[in-house]
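Here are some notes to read with the model open beside you. Take the points one at a time and find each spot before moving on.

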Amino acid sequence: MRVRFAPSPTGYLHIGSARTFIFNWLYARHNGGTVILRIDDTDVERNTEVSLNSIYEGLNWLDLGWDEQYRQSERLDLHRRSAEAIFAKGMAYRDFTPAYSGDEQESTTQREGAAWLFNADMRELSREQSDRRAAAGEPFVLRFRVPRDTDRAVTFHDHVFGPQSKLAADIEDFALLRSNGMPTYHMASCADDLDLRITHIIRGQDHLTNTFKHVLIFEALAGEAPQFAHLPLLIAPDGAKLSKRKHGPVVSVTTYRDAGFLAHAYVNFLCLLGWSPKDNREQMSRQELIDAFKLEGVNRSNAVVNFADEDPIDPKAMWLNGQHLHTMPVDELAAHLLPYVRNAGWQADEAKMRQVTPLIQERIRVLPDVLTVADLFFADELAPYDPNELIPQKGDLGTAAQVLEKAREVLSEAAFTHDSLESTLREAAVALKLKPGQMFLPIRVAVCGRKTAPPLFETLAVLGRETSLKRIAQALANVQRITTHA
RNA sequence: GGCGCUAUCGUCUAAGGGUUAGGACGGAGCCCUCUCAAGGCUCAAAUAGGGGUUCGAAUCCCCUUAGCGCUACCA
């Protein structure tokens, strides 16, 4: 079994394309098949190297890999020979009509009545006439001669959409070769699918109606077409199809990468758009996805990627990334986090990172969150904060000072382990006739620089005696400065 | 305009003739608790509309509506 993913390098890797690639990959891995990456670059006008690179960039980030790789631009001979073969069988003809020059937007919306199907004079042109004009160097496009004197229907079975049928008489005589000699998408794609022995074509639903044309080409060339499976499209909250121009960077996979997503969490999220394992599972490992993936589980209706102007990330994707982060082994997560910490300019080694990671693991949803959650473990100096933050419930600056002084006293003796710190500080609270919360808050703020932070005893243990006492002393000094000035 | 496809909570989805229409995200509330998270529990929230077929329809058929796709040398 052989599947292919065939992006054209006219933009970056789009979220919908990424999902198509993922589904192809999953289908192949589930069935022990081969994944082929084929760059569909026959449109020389619009292809760019930058775009090609960004597609590789996106694909590499997904970290799934592929088995074989081709570029259509290196296979033009095959495409032309295939077109010639169809022409030789009399199933294609030359059309010397100059390229349609009307405004295409208007032509499709304003045109009344029947759609264009073919240019009768060209379809009926005698072979002698055709050869003569071609020999004279007159440019032409090669069109498929769609059978239309019968009531025959073109049919195929789609693994997602079921049986499909369309009257041949409703299919226009599409182009195989352009007047510049380059193959069209239809020609190149089918010729390559045949030559690369593709068994299953899994692609976006925007190709569903093109498939009738492809079936005609496959029949003309080989008599038999591969299997088809079309995927529902990914659309924007406004119902429009995702486009760079209209929706901005949300449509690029690099948006998620740059936001600090785990590649696998992103893959997991994309899988849930248009496919379901049918058993309510959502967080799934790569192997679980491979095992569960079946084309029968693919939906038929388009799925909305739920983003907003203020937030380009789908909330469910954010949640799912958090789930993967929360359940990841500590060492693995620490390894993911360390580069972010170092890029921020902080001193950190693997050992320190592994100590800090368990304290922040369930408090982050994307990797860069480490910068705002764990800063207090890495920064030498705490950012300045309002000393009034040190005041506990039902207390005042005096209470804060009292707590901090007591903390300084007991912490200079206590062992810096979780259990020892907890019992020491709880006893101190009792001695001061304060509730535990009133005792802990001033210390937390003194040591973390803010009220929301990881649990106090673990935090103190990781910070160590020296840093903890230094920060408590600084807080105390700040409080005393205010009270004496007042 | 023609042809094709689709239609379940705001979003992702389950249920493919018989269920109080299930789960998840997001939202609200409660619990847990040294703060924040995480976790647990609860609540609000859907079968586009109309006709059939059937004892019985979200599910099958038809119509309407809406959305999407393709539509003369983009892929």
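1. Start with one pairing: R143 has A175, in strand 8, as its bridge partner. Keep in mind as you look that this is a predicted model.

2. Strand 5 (residues 141-144) and strand 8 run antiparallel, and 2 bridges join them. If the word "pairing" is new to you, strands of a sheet pair through backbone hydrogen bonds, either parallel or antiparallel.

3. Next, have a look at the RNA. How many residues surround RNA strand B? There are 68 of them, and the closest are D40, A115, S179, Y185 and S301. Sorted by class, the surface near RNA strand B has 26 nonpolar, 23 polar and 19 charged residues.

4. Helix 20 packs with helix 18 (residues 397-411) at an angle of about 80 degrees, the axes being 9 Å apart. Angles of 65 to 115 degrees count as roughly perpendicular, so helix 18 is roughly perpendicular to helix 20. Helix 18 makes the contact with T399, A400, V403, L404 and A407, while helix 20 brings Q438, M439, P442, I443 and A446. Count up the classes in this contact and you get 8 nonpolar, 2 polar and no charged residues.

5. Most residues other than glycine have a negative phi. K394, though not a glycine, has a positive phi of about 55 degrees; look for K394 in the loop between helix 17 (375-378) and helix 18. K433 also has a positive phi, near 60 degrees, and isn't a glycine either. You'll find K433 in the loop between helix 19 (418-432) and helix 20.

6. Are these two lysines, K394 and K433, buried or exposed? K394 counts as exposed because it has 10 C-beta neighbours inside 10 Å, where exposed means 12 or fewer. K433 has 7 such neighbours inside 10 Å, so K433 counts as exposed too.

Note on methods. Residues are numbered from 1 along each chain as its sequence is written. Chains are lettered from A and ligands numbered from 1 in the order in which they are written. This is a predicted model: local features need pLDDT of at least 70, side-chain atom pairs count only at pLDDT 80 or more; totals for chains, interfaces and linings use all residues. A residue is near a molecule or strand if its C-beta atom, placed from the backbone, lies within 6 Å of it. Ala, Val, Leu, Ile, Met, Phe, Trp, Tyr, Cys and Pro count as nonpolar, Asp, Glu, Lys and Arg as charged, and the others, Gly among them, as polar. Two strands pair if DSSP finds at least two bridges between them. Helices (H or I, at least four residues) and strands (E, at least two) are DSSP runs, numbered from the N terminus. Axes are lines fitted to C-alpha atoms, for helices over the stretch in contact, and angles run from 0 to 180 degrees between N-to-C directions. Angles under 35 degrees count as roughly parallel, over 145 as roughly antiparallel, 65 to 115 as roughly perpendicular and the rest as oblique. Two residues are in contact if their C-beta atoms, placed from the backbone, lie within 7 Å. A residue is buried if 20 or more other C-beta atoms lie within 10 Å of its own, exposed if 12 or fewer, and partly exposed in between; C-beta atoms are placed from the backbone.
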